[in-house]
Amino acid sequence: MTEHPLITELSDGVLTLTLNRPDKLNSFNEAMHMALRAGIERAHEESAVRAVLITGAGRAFCAGQDLGDRDPRKMDGPPDLGHTLETFYNPTLRLIRSLEKPVIAAVNGVAAGAGANVALACDIVLAARSARFIQAFSKIGLTPDAGGSWSLSRLVGEARAKGLALTAEPLPADRAADWGLIWKALDDDDLMPEARAFAAKFAAGPTRGLGLTKMSIQSAATQSFSDQLDIEAGFQREAGRTADYAEGVSAFLDKRNPEFRGQ
Ligand code: LHQ
């Protein structure tokens, strides 16, 4: 029996999506692409989902595109890889960025090519110390995709972005954290417990406020200071009308822990 390429589990508000092609280091084939997209779409649609956790089965997070699926020797002419990106990667990446809920990547092992950049599109990236990030594209004559050129240059600046992309040198998780590419590197055994704890905390948090926080930080990069002040005011107006804001302030004044309901 063929294993499903994505293991999906919803528990206590956390939707966990585990890339599940361990023999191929969880590289993307079409079935895995479509399953991951369906998982993120579900997170958009269901209010019961209040946080998403993406990780990989086995020893890798994801080795990018399954290169066996895109073997030029088995094709009549040159492939249209732009079509592959437009059809499979880009819609999913846009769904991750536009999801108004936190998305955590638990990078359990190597993350290469588009696999690294799917992780970097997430909101909180945690990585096992043994994991490494490889912008593998230049090794096979390609150029960063899956948002990598955008994410790398914003997260670590042009010099490091170019260094990573042009050399394809593996970046160990600790250095990725030191450089600000990811949120945290953790001992391997601590990765999943800590990632689940993060996800659980978000899932029990003020969902609308967290979603607006994500949108606010994302919008800031392309706004003037003055325009961003207006955006903040609009978002805060909306956050201030939520039941979770009322609960947060009441709990503070009553000196108790808040019980957010994601409303
Ligand atoms: C793989 C893969 C893989 C298939 C490991 N495919 N089998 C977008 C649009 C369209 C087309 C092209 O691409 C893109 C975006 C991209 O993602 S381009 C970049 C694609 N990814 C890569 O170039 C990375 C290729 N993989 C590697 O360099 C190594 O496997 C890494 C450094 C990730 C891990 O190295 P090792 O730990 O030494 O493992 P391994 O190489 O022995 O791999 C284990 C198995 O996984 C092996 O299969 P086998 O049957 O021999 O056990 C690999 O063939 C398979 N595998 N990556 N992307």
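The buried residues of helix H6 (residues 188–203) pack against strands E2 (14–19), E3 (51–56), E5 (103–107), E7 (124–128) and E10 (184–186), and also against H7; buried means under 20% relative accessible area, exposed over 50% and partly exposed in between, with a 1.4 Å probe and protein chains only. Contact here means heavy atoms within 4.5 Å, and helices (H or I, at least four residues) and strands (E, at least two) are DSSP runs numbered from the N terminus. This is a predicted model, with local features needing pLDDT of at least 70 and side-chain atom pairs counting only at pLDDT 80 or more, while totals for chains, interfaces and linings use all residues. Residues are numbered from 1 along each chain as its sequence is written, and side-chain values use heavy atoms, leaving out hydrogens and water.

On the inward side of H6 sit Leu191, Met192, Ala195, Phe198, Ala199, Phe202 and Ala203, the buried ones. Seen down the axis of H6, they fall within an arc of 130° (taken from the directions from the helix axis to the C-beta atoms), so they line one face of the helix. Asp189 and Lys201 are exposed on the face turned away from that buried side.

Then there are two loop residues with positive phi. Leu25, not a glycine, has a phi of about 50° and belongs to the loop between E2 and helix H1 (30–45). At 22% relative accessibility, Leu25 counts as partly exposed. Ala146, also not a glycine, has phi near 55° and lies in the loop between strand E8 (132–134) and helix H4 (148–167). With 4% relative accessibility, Ala146 counts as buried.

Notes. Expected span 1.5 Å × (residues − 1).
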